Amino acid sequence: MLIATNEPWGTYHAKPLLPEAQRLGWEVVQLVPDRSGVAPGDPVAVATLDDVPEADLLIVTGAGDWPADCAARLRDLPLVASSLAYQLPVEAPRAREFRDRLRAVTASSPAEAEVFDDYLGTRRPIAVVGTPQTDDLPRHAPEAGTVLVLTSVTKSGASGGSAPGTELLLAAAERLAAAGKRIVVGLHPREDRSLWERYEISSVPSVQASARAEVAIGIPGTVFPVVAAVGVPLVGCTDPRLRIPDYLLEVCSRTITSADEAVAAVSEARPVSRAVLYEAVGPVGGSARRLFKVWRKEGVREPSRG
């Protein structure tokens with residue numbers, strides 16, 4: 001199966017799919033414009049449109065230029081849209097080019113499904129399958145005084161855009177460190193590491209790092225509902241220029257617009273209710289299996305077992 005994302009080289013969206021693909025004996029290949037943005041040793045297989053392998057299905061995770069270009073080139077493949085990262089509830093300009101071809105649409109949660117429907121302009125049922133990242137959640141064992149900082153992306157690049165709010169988050173981290181909190185940073189895969197080197201940068205992905213945290217603070221993004229599913233209270237740093245769907249704000253115990261609010265917000269943060277969590281993250285556990293079941297139904301042939 002081929003995957004094309006709005007972040008052309010953003011293979012981190014496909015990595016959580018690999019264990020289930022391996023279990024089923026399927027191969028996931030991410031389409032990239034070229035190999036310049038692929039890190040050596042990346043476990044996600046990639047291909048360009050000039051060397052597309054034989055495939056059963058094309059999955060687009062958005063309707064940006066790259067997924068739309070891939071859909072246009074690969075017209076003979078069955079097409080599915082699956083939300084693996086948050087979008088805005090505004091119809092994407094190029095969604096109309098391929099939405100009539102979609103055999104199925106999936107999203108992680110009920111709230112994400114509503115947003116994805118507006119984004120694609122499909123007005124059709126969307127299968128809620130959960131988030132593959134929740135299939136192996138760590139046990140929450142918070143260490144006293146530890147705050148996880150969840151970064152976004154400071155500068156836009158060829159692989160994707162940025163999110164305002166980094167200056168607020170940096171200042172909030174300084175206030176928390178001055179108040180005696182231990183700061184552990186969960187870097188977005190495309191964030192500038194040098195901005196955060198004064199603190200401990202987690203050597204494991206943010207979801208795993210959250211198991212140690214009493215509270216997490218950051219710029220609301222796709223990882224927020226998954227961290228909330230671990231049981232970690234969240235504080236969101238919001239900037240007037242930041243546009244994010246409401247459900248990402250609703251998993252935050254508090255939101256702040258000034259660094260001076262950070263210490264109080266962190267001390268008062270509490271986990272969200274089960275109802276709010278389900279609306280934002282969907283069913284927890286077995287998500288990759290549900291997602292692959294949809295994909296199998298819509299075009300993937302079972303591999304030969306010899």
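This is a predicted model: local features need pLDDT of at least 70, side-chain atom pairs count only at pLDDT 80 or more; totals for chains, interfaces and linings use all residues.
Residues are numbered from 1 along each chain as its sequence is written, and side-chain values use heavy atoms, with hydrogens and water left out. Local features need pLDDT of at least 70 and side-chain atom pairs count only at pLDDT 80 or more, while totals for chains, interfaces and linings use all residues.

**Exercise 1. Find which residues have the most contacts inside the largest nonpolar core.**

Step 1. A nonpolar core is a set of buried Ala, Val, Leu, Ile, Met, Phe, Trp, Tyr and Cys residues joined through side-chain atoms within 4.5 Å. Buried means under 20% relative accessible area, exposed over 50%, and partly exposed in between (1.4 Å probe, protein chains only).

Step 2. The largest such core holds 51 residues, and those with the most contacts inside it are Val149, Trp196, Ile217, Leu234, Val235 and Ile256. Helix α4 (residues 166-178) supplies its largest share, 7 residues. Helices (H or I, at least four residues) and strands (E, at least two) are DSSP runs, numbered from the N terminus.

Step 3. Take Val149: beyond its neighbours within four places in sequence, its contacts (heavy atoms within 4.5 Å) include Leu169, Ala173, Trp196 and Ile217.

**Exercise 2. Work out which strands stand at the edges of the open sheet of 6 strands.**

Step 1. Two strands pair if DSSP finds at least two bridges between them. The order is β10-β9-β8-β11-β12-β13, with parallel pairing.

Step 2. β10 (200-201) and β13 (254-256) each have a single partner strand, so one side of each has no neighbour in the sheet. These two are the edges.

Step 3. For β13, the pairing with β12 (residues 234-237) is parallel over 3 bridges, and Val235 stands opposite Arg254.

Step 4. Helix α6 (residues 223-230) packs on this sheet, touching β8 (146-150), β11 (215-218) and β12. The direction of α6 makes about 160° with that of β12; axes are lines fitted to C-alpha atoms, for helices over the stretch in contact, and angles run from 0 to 180 degrees between N-to-C directions.

**Exercise 3. Decide whether Met1 is buried or exposed.**

Step 1. Met1 is in the segment before β1 (2-4).

Step 2. Its relative accessibility is 9%, so Met1 counts as buried.

**Exercise 4. Locate the buried residues of helix α9 (residues 274-281).**

Step 1. Leu277, Ala280 and Val281 are buried.

Step 2. They cover an arc of only 80° around the axis, so they lie on the same side of α9. The arc is that of the directions from the helix axis to the C-beta atoms.

Step 3. The buried residues of α9 pack against α6 and α7 (246-250).
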